Amino acid sequence: MNANGTLDSLTNIWDRKTMLAKLSAIHASGKRFGVLLCDVDFFINIDSKVGSVEGDLILQRIASFFKKIEFFTVGRYGGDEFILIAEGVDQKQIVQMAEHLRKNFRKQRFVSGDSIYAKVPITVSIGAVIGGLTKTTESLLKKAEIALAMAKKQGRNRTVLSDDKDIVLYYDHTANVSTIVGGQLKGYAGDGGPSVQACIAEPYGVELMNNGELLIVDRGNHCIRQIDSRGVISSFAGKGRYGYSGDNEDAVNALMNKPSGVAASADGNVFIADTGNHCIRKINRNGNIYTIAGCGMEGYEGDGGLAINAKLSRPGGVAVDGKGNVYTNDYGNNVIRKISIDGIISTVAGSGKFGYEGDGGSPLVASLDRPYGLAVTPNGHKLYIADYGNHCIRVVDMENNSIRTVCGKGIPGYAGDGGPGEAALLNGPFWVSIWNEDFILIADSENHCIRLYDVVSDRITTIVGNAKSGYHDSMLDKSEASFNLPAGLVADNNGGGCLYVADYGNNAVRRVLFNSSSSGGRQ
C-alpha cells in the first residue's frame, strides 16, 4: 500500500479498487479523459495449454507492456482484463490510441521462448469510452464494459467505441422491460442478496425450473446462478473459476469452463453445456453433478456408442424433451447431436459441411452454419435450431426425418413483421425457445430484438426491441426498450406472462412482460 493506492499482487500495477478511485477523481474534476477496457482474447485457452505458472507470467508481461505506454494510467480490472485511463484526450484521439495499442499488442510475444506456443500471436479486444457521457463513474465503466462485449462478439481483436446513448434501468417488476441482474459492474459477487445488487459476467443461457426459480449461465464466471421467488441470487453450480472437476459431488463445488446453455427437465434434472470442456453435464435433484456426454477431449467421434466416451467440440445450446433425451448444438462440428435416455449419442442434424442446403430432405445431409440455440417440443417431435450463420430458424421433424426453414431467407436483414416466417429477414439469430408449444421465441441477436413466430398461423412479429443496440429499460412502451446482442431466452409457461432474456452485450438479464395477444399472436 502506498499513498496513491494499492498494487495488484500478481501484476504489480494498480488494482481495480485503486483505478476506480482514480477514475472517480478525474471524472469529478471535469477534465477530458478516455478509458480503455482491454480483454486478452481466449486467455483461458492459452492458460490451459501453457499451465497456470506460465499463464501468470504472461499476465505479468502484458501488464508490463501496458505500463510502458505513454499517457496511460494502467490497472488490472480483473482476471485477464486491464483498464487504461488517458487524460486530456477526445473521442478521436482515444480511438487512435486504442488502435495503435491493439496493433502493437499483436506484435509482442508474451509466452516464454522455450514454449511451443512462443511464436503464436496473442490479441486483445478493446472497449473504449470517452469521459463526460454519463453522470457517474459506474455508468461510464458500464458503457466501456458494453463496448468490450461488443468487440468480443463481433470477432475479437478489434476496438469498439461506446455510443452516446443513456443507460436507462428499471428494477420495478411492473415495468414492461426491467433489469433483474446486471445493472452493476461486471464481476462475481452478491450471492445471498437481491439479484439487482449482484455482479455477473457474460450471461448466455437462461432457464426456468418447475418451482419458478430462474437459472442463469454466468459464463464469464464459469458458473450457474439461481434467482429464487424472493429475488435472492445464489450459486447453483460452479465456484467462479474455470476448470474441469467435481463429478459425482455437489455441483456448487464443481469447476466448469465457459458454460453456455442450460435446460431443466420435467423431473427436476438440469443439463449444462460445459462449452470449454467440450461436454454436457447433468445435475440431479440431489444437487450432484455428472458428465453425461463428452470425454473432455475436443473432436467429433462416438456416434452410436456411449455419449460419455464421445468427443464433442464446444457445445453451446442444450435442450431436453419430455422423455429425458438431451440435444445439443455441437458448435465446433457444425452439427446437432442427441444423447438418448440410455446414454447413446448420435448426430440428428447437419452433415458437418458449412452452407445452407438440404431443406426438404434428411437433416443428416443438410448443411448448417454455426447453429447455436435450440429447442425441442416436449414430445420430441420437433427440434428448432437457430442457424446463426444462415440467419434463419430451421426445424427438424424427428418423425418424418426432414428439415426445413420456418423463419428467415438465408440473408441478413430486418423485415417481415406481420407476414409469414419464410419471407422475414433475421440477422444472426442466436437462440430459440418454445412458449406454449405453438409459439417460437427468437433472439434476433444482431437485430438486437426478440421476435415471436406463431407456428400455426405462420406469422412473425417483433415483441420487444427496435433493431437498434442500446441498454434501455421501459416502464410502459416496449418499443422504447433496447438490447445489445440478446442470447438465451425463456418464457414463463405457467401463466406468469413474462419473458427472461440474457442480454449478453449489456451483461444483464432482463424481464419482459408479454402475452400472445399483446405481441400480435393469437388470442
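User: Which residues form one aromatic cluster with Tyr-204?

Analyst: Tyr-331, Tyr-372, Tyr-388, Phe-430, Trp-431 and Tyr-504 form one aromatic cluster with Tyr-204. The model is predicted: local features need pLDDT of at least 70, side-chain atom pairs count only at pLDDT 80 or more, and totals for chains, interfaces and linings use all residues. Residues are numbered from 1 along each chain as its sequence is written, and side-chain values use heavy atoms, with hydrogens and water left out.

User: Why is the aromatic pair of Phe-66 and Phe-82 called tilted?

Analyst: Rings of Phe, Tyr and Trp (its six-membered ring) pair if their centres lie within 6.5 Å; planes under 30 degrees apart are stacked, over 60 edge-to-face, and the rest tilted. Phe-66 and Phe-82 are 5.2 Å centre to centre with 55 degrees between the planes, a tilted pair. A search of the whole structure finds 16 aromatic pairs.

User: What makes the pair of Phe-66 and Phe-82 a tie between parts apart in sequence?

Analyst: Phe-66 is in helix α3 (residues 52–67) and Phe-82 in strand β3 (residues 81–87), so the pair ties together parts 16 residues apart in sequence. Helices (H or I, at least four residues) and strands (E, at least two) are DSSP runs, numbered from the N terminus.

User: Is Phe-66 buried or exposed, and why is its pair with Phe-105 called stacked?

Analyst: Buried means under 20% relative accessible area, exposed over 50%, and partly exposed in between (1.4 Å probe, protein chains only). Phe-66 has a relative accessible area of 1%, so Phe-66 is buried. The ring centres of Phe-66 and Phe-105 are 5.8 Å apart and the planes are at 25 degrees, so this pair is stacked. Phe-105 lies in helix α4 (residues 91–107) and Phe-66 in helix α3, so the pair ties together parts 39 residues apart in sequence.

User: How do you know that Phe-82 and Phe-105 are buried?

Analyst: Phe-82 has a relative accessible area of 0%, so Phe-82 is buried. Phe-105 is at 0% relative accessibility and therefore counts as buried.

User: What makes the charged end of Arg-219 sit over the ring of Tyr-204?

Analyst: A charge sits over a ring if NZ of Lys or CZ of Arg is within 6 Å of the ring centre and within 35 degrees of the ring normal. The charged end of Arg-219 sits over the ring of Tyr-204, 4.5 Å from its centre. The charged end of Arg-16 sits over the ring of Tyr-77, 4.2 Å from its centre.
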